[in-house]
Amino acid sequence: MSIGPMATTALGWHLHDEKRRTRTLASLESSPFDRVRMAAFATRCSLDALEERVAELAGIGVTAELVLMHPGEGVSDVETACRYVRDVVPRLAAHPNVWWSLAADPSPFPAFTEHDWVRLADLVAEEDPGHHPRSITVPADSPLLWRRTFTHGSVRAPSPRDAWVPTRDHHKQVLMDACGYEGDGEDPSLSLPPEKVVTMAWDGSVRRRYLTHGESYADDDGLTWSQDGGTLTGAAVPRLALLRQVIAGTPDEARYRDRDAPMLEVPGEFYLEYCGEHRFPDRTYEVPEGRYEVEVIDTWEMTVTPLGVLDGGTIAVPLPGTVGQAVRIRRRP
């Protein structure tokens with residue numbers, strides 16, 4: 001499985017009228033996101049309509065990650081869940097732009113054991129000839145994260161470091177799919193400032209724990225993006241577009257290096273360090289001999305400042321002493 005795409009959450013966008021659905025699709029098309037986590041809601045939305053929505057997402061290059069088990073769907077026991085999976089998965093499996101998530105949170109299903117979730121994941125795999133990615137969102141220390149039937153990990157954690165520490169030795173990719181939304185809601189998880197969202201997204205990306213975006217500002221209809229779609233209005237979104245560009249230019253073979261600030265590196269070739277909330281006045285890097293292009297990235301102001309091509313050995317990089325700075329160093333001929 002390749003690097004996880006940049007995702008957002010809009011759980012019930014497809015349940016609304018055509019006008020709101022059209023706004024949602026337009027907002028997604030102009031955003032940096034190429035995956036949207038949405039509840040299947042197959043008891044509230046016909047499978048024909050659900051297929052149409054997935055096809056519409058494909059038309060703008062967006063993957064639908066379908067959350068199969070969601071509260072309020074009338075699924076309270078495993079046998080009912082199995083019938084639900086057998087109805088939904090074969091119908092949607094023909095679409096190439098589909099991922100599966102068994103649940104965004106297993107806790108509303110207290111009757112389901114770990115064995116039951118594995119059984120359901122195995123059933124999804126059996127009913128899906130396209131072999132699409134499948135996961136379940138759990139705390140980072142959950143034993144479900146390590147079960148082979150899941151193609152990748154999906155974790156709920158308050159920060160990228162909290163997601164990374166218990167999964168640092170994980171043999172599969174781990175995504176940070178639940179960490180809170182930018183917004184002004186009453187719940188702490190729905191009222192993160194955009195600066196915090198951008199910080200977590202950069203920190204998570206450098207740790208290879210890619211963060212799924214969420215937004216909970218109420219619009220004129222009293223609805224929020226992450227529950228009902230509509231229009232993205234948060235300040236984090238344009239800054240995540242810069243992050244996506246930077247990650248797209250990062251070598252796949254770059255590996256995380258744990259020092260006083262998180263870094264991705266291909267020794268002697270590529271370095272990307274995110275200083276985060278530290279206000280370092282400068283940073284020093286010991287690199288092999290050669291010529292290196294050096295840039296300072298202001299992740300909030302969305303600027304990339306070139307410092308020229310410098311000789312290797314010891315490279316000293318001056319910084320503005322403000323938060324949210326990143327340094328990118330790339331070897332040049």
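This is a predicted model: local features need pLDDT of at least 70, side-chain atom pairs count only at pLDDT 80 or more; totals for chains, interfaces and linings use all residues.

Reader: Why is Pro 262 called buried?

Author: Buried means under 20% relative accessible area, exposed over 50%, and partly exposed in between (1.4 Å probe, protein chains only). Pro 262 has 10% relative accessibility and therefore counts as buried.

Reader: Which residues does Pro 262 contact, leaving aside its neighbours within four places in sequence?

Author: Contact means heavy atoms within 4.5 Å. On that criterion the partners of Pro 262 are Asp 203, Val 206, Arg 207, Tyr 256, Arg 257, Leu 272, Glu 273 and Tyr 274. Ser 101, in turn, is 161 residues from Pro 262 in sequence and 29 Å from it in space, C-alpha to C-alpha.

Reader: What makes helix H6 largely enclosed by the rest of the structure?

Author: Of the 13 residues of H6, 11 are buried, so the helix is largely enclosed. Among them are Asp 203 and Val 206, both of which are in contact with Pro 262.

Reader: How do you know that the span of H6 is close to the one expected?

Author: The expected span of a helix is 1.5 Å times one less than its number of residues. H6 (residues 194-206) has 13 residues and reaches 18 Å from its first C-alpha to its last, close to the expected 18 Å. H6 is followed by Arg 208, whose phi is positive, near 60°.

Reader: Which of the two is buried and which exposed?

Author: Phe 41, in the loop between strand E2 (35-39) and H2, has a relative accessible area of 6% and is therefore buried. His 131, in the loop between helix H4 (114-127) and strand E5 (134-135), has 64% relative accessibility and so counts as exposed.

Reader: Why is Ala 39 called buried?

Author: Ala 39, which lies in strand E2, has a relative accessible area of 0%, so the residue is buried. Not counting residues up to four places away in sequence, Ala 39 touches Leu 11, His 14, Val 67 and His 70.

Reader: How do helices H2 and H3 pack?

Author: H2 (residues 47-59) and H3 (residues 78-92) pack at an angle of about 40°, with their axes 10 Å apart. Axes are lines fitted to C-alpha atoms, for helices over the stretch in contact, and angles run from 0 to 180 degrees between N-to-C directions. Leu 47, Asp 48, Leu 50, Glu 51 and Val 54 in H2 meet Asp 87, Val 88, Arg 91 and Leu 92 in H3.

Reader: How do you know that the radius of gyration of the chain agrees with a compact globule?

Author: The radius is taken over C-alpha atoms, and the globule rule is 2.2 Å times the number of residues to the power 0.38. For 333 residues a compact globule would have a value near 20 Å; the chain has 21 Å, which agrees. Buried residues make up 58% of the 333 residues.

How values were computed. Residues are numbered from 1 along each chain as its sequence is written. Side-chain values use heavy atoms; hydrogens and water are left out. Helices (H or I, at least four residues) and strands (E, at least two) are DSSP runs, numbered from the N terminus.
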